[in-house]
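Hi,

Here is the structure I promised to send over.

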There are 2 protein chains.
Amino acid sequence: MDPRIREHAQVLADAIDLSEGDNLVVKSEPVADDLVVAIFEIAGDRGANPLAVRTNRGGRAIRGYLRAADEADVEFETPPHEQALVEAADCHIAIRADENVTELDDVDSEVNSAYQQAHSPILDERLTDRWTLTQHPTPASAQLAEMSTEAYENFVYDAILKDWDEQRAFQEHMVDILDEGEEVRIVSGETTDVTMSIAGNPAINDTNVHNIPGGEVFTAPVPDSVAGEVLFDKPVYRNGKEVIDARLVFEDGEVVEHGASKNEAVLTSILDTDPGARRLGELGIGMNRDIDQFTYNMLFDEKMGDTVHMAVGRAYEDTVGEGNEQNQSAQHVDMIVDMSEDSRIEVDGEVVQEDGVFVFEE
Amino acid sequence: MDPRIREHAQVLADAIDLSEGDNLVVKSEPVADDLVVAIFEIAGDRGANPLAVRTNRGGRAIRGYLRAADEADVEFETPPHEQALVEAADCHIAIRADENVTELDDVDSEVNSAYQQAHSPILDERLTDRWTLTQHPTPASAQLAEMSTEAYENFVYDAILKDWDEQRAFQEHMVDILDEGEEVRIVSGETTDVTMSIAGNPAINDTNVHNIPGGEVFTAPVPDSVAGEVLFDKPVYRNGKEVIDARLVFEDGEVVEHGASKNEAVLTSILDTDPGARRLGELGIGMNRDIDQFTYNMLFDEKMGDTVHMAVGRAYEDTVGEGNEQNQSAQHVDMIVDMSEDSRIEVDGEVVQEDGVFVFEE
C-alpha cells in the first residue's frame with residue numbers, strides 16, 4: 001500500500017490519542033479499505049479494540065436503503081443498536097471515501113434529511129467522545145476536484161502530512177490577534193466589505209484534531225454585530241448543486257438581501273431554514289497553504305491558504321465566550337472569499353493580512 | 001448487479017424474518033458490497049434499521065490488527081462497544097466473503113484463538129437473537145473450490161435459490177425416520193462401519209434458516225454409544241491445512257485410535273483439545289443435491305447430496321433430548337463420508353439409504 005496511507009493512519013490515531021483499551025469505531029466505506037487496514041494495524045499496536053462500521057452519509061448501501069424506505073413510507077427512528085455502540089465507544093474515526101460523490105443524487109433530499117435527523121442523537125453522542133474526521137482520496141473525489149487521481153492523492157497527503165508544529169505556531173499568531181481584537185473587517189475588491197464584532201469569543205487553532213487536514217483559525221461573530229456585504233468567490237456546493245457568486249448583505253447581523261448568478265434558489269432555501277440561518281455562526285481564516293486549490297470539498301476548501309470563510313447558521317459552542325450569544329440553527333453552511341489579491345483583513349482598524357500576506361510574516 | 005444477489009438477499013431477510021423496527025447488524029467484508037447493498041434495500045423496504053459492520057474472522061484489517069497486537073503482546077478483552085451493539089440488536093446476517101481465504105496465514109494461530117475466545121461472549125449473545133450465516137461467492141472462494149469464478153457463482157446460487165418447500169418435504173422424510181429410530185449404522189466400502197444411538201435426540205430439518213444454503217438433517221449421537229470405525233473420504237480443511245484420509249476408531253463413544261495419510265498431527269491436536277473433542281457431537285445427512293462437489297467450505301460441503309458427516313466435539317443444544325447428555329467441547333469439527341457408492345445407512349436394522357438413494361425415493 002502507498003506508505004502515505006500508514007502515515008495518514010498515524011495522524012488519525014494521534015488526533016484521538018488512541019490508547020490501550022480504547023473502544024474505537026471506524027466509520028468508512030469499502031473504497032477506503034487500505035486506510036481501514038492501516039488503522040487496524042495501529043489499533044493492534046496500541047492495544048485498542050477497533051470495530052469498522054459503514055458510514056450512513058453516502059454510498060450505495062444507504063442510497064438503496066433510503067430509496068426503499070421512501071417507497072415504503074418508513075418513519076425513521078434513532079436506531080438503538082447504533083446508539084448503544086456509540087455510547088459504549090471511547091473514540092471515533094470517520095472517513096469520507098466516495099466511489100461516486102453523487103451517489104445520493106436520486107434520493108429525495110427530504111427523506112435523507114429526515115434520516116439524518118433521526119441519527120442526530122448518535123452524532124451528538126459521538127461529539128462527546130474523542131473524534132476526528134478525514135478524507136480518503138478516491139478517483140471520485142479527484143474527479144469532483146477536476147484532478148487526476150494521482151495528483152489528487154498528492155494534494156490530499158501534502159495537506160495532511162506536514163510539519164504540524166510549525167503550522168501550529170504559524171496559526172497561533174492569528175489566534176493571538178483575534179483573541180486580543182474586538183472588531184474584524186474583511187475587504188476584498190469592490191464586492192466585499194463586512195465588519196463584525198468577535199469581542200469575548202475565543203479563536204480556535206485548528207491543527208489536525210477534529211478535522212484532518214486542519215489548517216484554519218476560527219471563531220464566532222457576535223450575531224447582531226455583522227454589517228456590510230460579501231461576495232463569495234468560491235462556489236457553494238450543496239446537495240450536488242453549485243451556488244455561484246453568492247452575495248449576502250447584512251444589517252444588524254441579519255441577511256437582508258441575497259443573490260447568486262446560479263442556483264440562487266438553493267441559497268434562498270438555506271437562508272429560509274430558520275432565523276439563525278440568516279445570521280453568521282463562524283468566521284474562519286484558511287491558513288493551510290498546501291491546500292492551494294478549490295476542490296469542492298469543504299473539509300479542504302475552508303482551510304485553503306489566503307482565504308476566509310463565513311458560515312451562516314449554528315455557531316460552535318467552544319467559539320462562544322461566556323455571556324455571549326451562541327447562534328442557533330439547523331444549518332451551518334461555509335462560504336469562501338478569496339483573499340489573495342486586492343484584499344485585506346483588519347482587526348480594530350489595523351491591517352493584519354493584505355493580499356494574502358499576514359503582518360506576522362514580514 | 002447480478003439479479004441473483006437480490007434474490008439471495010431476500011432469502012437472508014426471510015431467514016431472520018426481518019420486520020419493521022428490527023435493529024439489524026450485517027457483518028461483511030468490502031468484497032461482498034453488492035450483497036450488502038441488496039440487504040440494505042430490503043431493510044428500507046421493510047422499515048428495519050440496518051448497520052453494516054466488518055467481520056472479525058478474516059480479511060486484511062483483522063490480519064493487520066492481530067499481527068500488530070501479537071507484536072505488542074496485547075491481552076485481548078471482550079470489546080464492550082461491540083457487545084453493546086449486539087445486545088441492542090434484534091437480528092444478524094453474517095456474510096462470509098473472502099478476497100483471499102489464506103489472509104490469516106501469517107497470523108499466529110494461538111493469537112487468533114485468544115482473540116476469537118475474547119469475542120465468544122459476543123457470538124453467544126448473537127446466537128440468542130435471530131441470525132443467519134451465508135457465503136458471498138468471490139474469486140478467492142472459487143479458487144479454493146478449484147472452479148472458475150462464474151462456475152462457482154452458479155454453484156452457490158443453485159445451492160441457495162431453489163424450491164425450498166420441495167426440499168423441506170424431501171428432508172422431512174429423513175427427519176421422521178431418525179425421530180422414530182434409535183440406532184443408526186453407517187457403512188461405506190470396507191473402511192467405514194459405525195453404529196450409534198440417537199434415541200431421544202430430535203433431528204433438525206435444516207432448510208435455509210441459520211445456514212444459507214441449508215440442506216441437511218442432523219441430530220446428536222448419544223455420546224457413549226458410538227462404536228466402530230470411520231474413514232472420512234473428504235479432506236478436513238483446518239487452519240489452512242488439509243487432513244487427508246482421516247480415520248477414527250470408536251469404543252464406548254470415545255476415539256481410541258486415529259490416523260490420516262496427511263497432516264495427522266492436525267487431527268491429533270483437534271482430538272486432544274479436551275475430552276469432548278474425542279466424542280461425537282453431531283451426525284448429519286447431506287441432502288442438498290445442487291451441492292454436487294466438494295468446495296473446501298463446510299457451509300456447503302456438509303449439505304452435499306449423498307454424504308453423511310460426523311462432528312467431533314460440541315453437540316447443538318436443540319439436537320439433545322431431555323435427560324440425554326449434551327457433549328461439551330471447545331471444538332466442533334465436521335468430517336464427511338461419501339455415501340454415493342457401495343454405502344448404506346441403516347436405522348434400527350432397516351436400510352434407509354443405499355448408494356445415495358433414499359428408501360422414500362423409490
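Chain A splits into domain 1 (3-160) and domain 2 (164-361); those bounds come from an automatic or database domain assignment. Please keep in mind that this is a predicted model, where local features need pLDDT of at least 70 and side-chain atom pairs count only at pLDDT 80 or more, while totals for chains, interfaces and linings use all residues. As for labels, residues are numbered from 1 along each chain as its sequence is written, and chains are lettered from A and ligands numbered from 1 in the order in which they are written.

Back to the two domains of chain A. Their C-alpha centres are 26 Å apart. Across the boundary, 17 residues of domain 1 of chain A are in contact with 16 residues of domain 2 of chain A, where contact means that the C-beta atoms, placed from the backbone, lie within 7 Å. On the domain 1 side, the elements giving two or more residues are α1 (3-15), β4 (130-135), α6 (139-144) and α7 (149-160) of chain A. Helices here are DSSP runs of H or I with at least four residues, strands are runs of E with at least two, and both are numbered from the N terminus. The largest share of that side, five residues, comes from β4(A). By type, the domain 1 side divides into nine nonpolar, six polar and two charged residues. For that tally, Ala, Val, Leu, Ile, Met, Phe, Trp, Tyr, Cys and Pro count as nonpolar, Asp, Glu, Lys and Arg as charged, and the others, Gly among them, as polar.

Next, the contact between the chains. Here 38 residues of chain B are in contact with 39 residues of chain A. On the chain B side, β1 (23-28), α2 (33-46), β2 (49-54), α3 (60-71) and α4 (80-88) each supply at least two residues. Which of them gives the most? That is α3(B), with nine residues. The chain B side is made up of 24 nonpolar, six polar and eight charged residues.

On to the core. The largest nonpolar core has 100 residues, and those with the most contacts inside it are A:Leu24, A:Ile39, B:Leu24 and B:Ile39. A nonpolar core is a set of buried Ala, Val, Leu, Ile, Met, Phe, Trp, Tyr and Cys residues joined through C-beta atoms within 7 Å. Buried means 20 or more other C-beta atoms within 10 Å of a residue's own, exposed means 12 or fewer, and partly exposed is in between, with C-beta atoms placed from the backbone. If you leave aside neighbours within four places in sequence, A:Leu24 has contacts that include A:Leu18, A:Ala43, A:Pro50, A:Leu51 and A:Ile93.

Helix α8 (residues 164-180) of chain A has 17 residues and reaches 24 Å from its first C-alpha to its last, close to the 24 Å expected at 1.5 Å a residue; the expected span is 1.5 Å times one less than the number of residues. Its buried residues are A:Gln167, A:Phe170, A:Gln171, A:Met174, A:Ile177 and A:Leu178. These pack against β7 (204-206), β9, β15 (280-286), β18, β19 (350-354) and β20 (357-358) of chain A.

In chain B, eight strands form an open sheet in the order β14-β13-β10-β6-β5-β18-β19-β20, with antiparallel pairing. Two strands pair if DSSP finds at least two bridges between them. The edge strands are β14 (254-259) and β20 (357-358) of chain B, and each pairs on one side only. Inside the sheet, β6 (residues 192-197) and β10 (residues 227-231) of chain B pair over three bridges, and B:Asp193 has B:Glu229 as its bridge partner in β10(B).

Most residues other than glycine have a negative phi, and most peptide bonds are trans.

- The bond from A:Ile212 to A:Pro213 is cis, with omega near 5°, and A:Pro213 lies in the loop between β8 (211-212) and β9 (216-219) of chain A.
- In chain B, a cis peptide bond joins B:Ile212 and B:Pro213, with omega about 5°.
- A:Asp342 has a positive phi, near 50°; it sits in the loop between β17 (332-338) and β18 (343-347) of chain A.
- A:Asp342 is exposed, with 12 other C-beta atoms within 10 Å.
- B:Asp348 also has a positive phi, near 50°, and is partly exposed, with 13 other C-beta atoms within 10 Å.

Cheers

Technical notes: Two residues are in contact if their C-beta atoms, placed from the backbone, lie within 7 Å.
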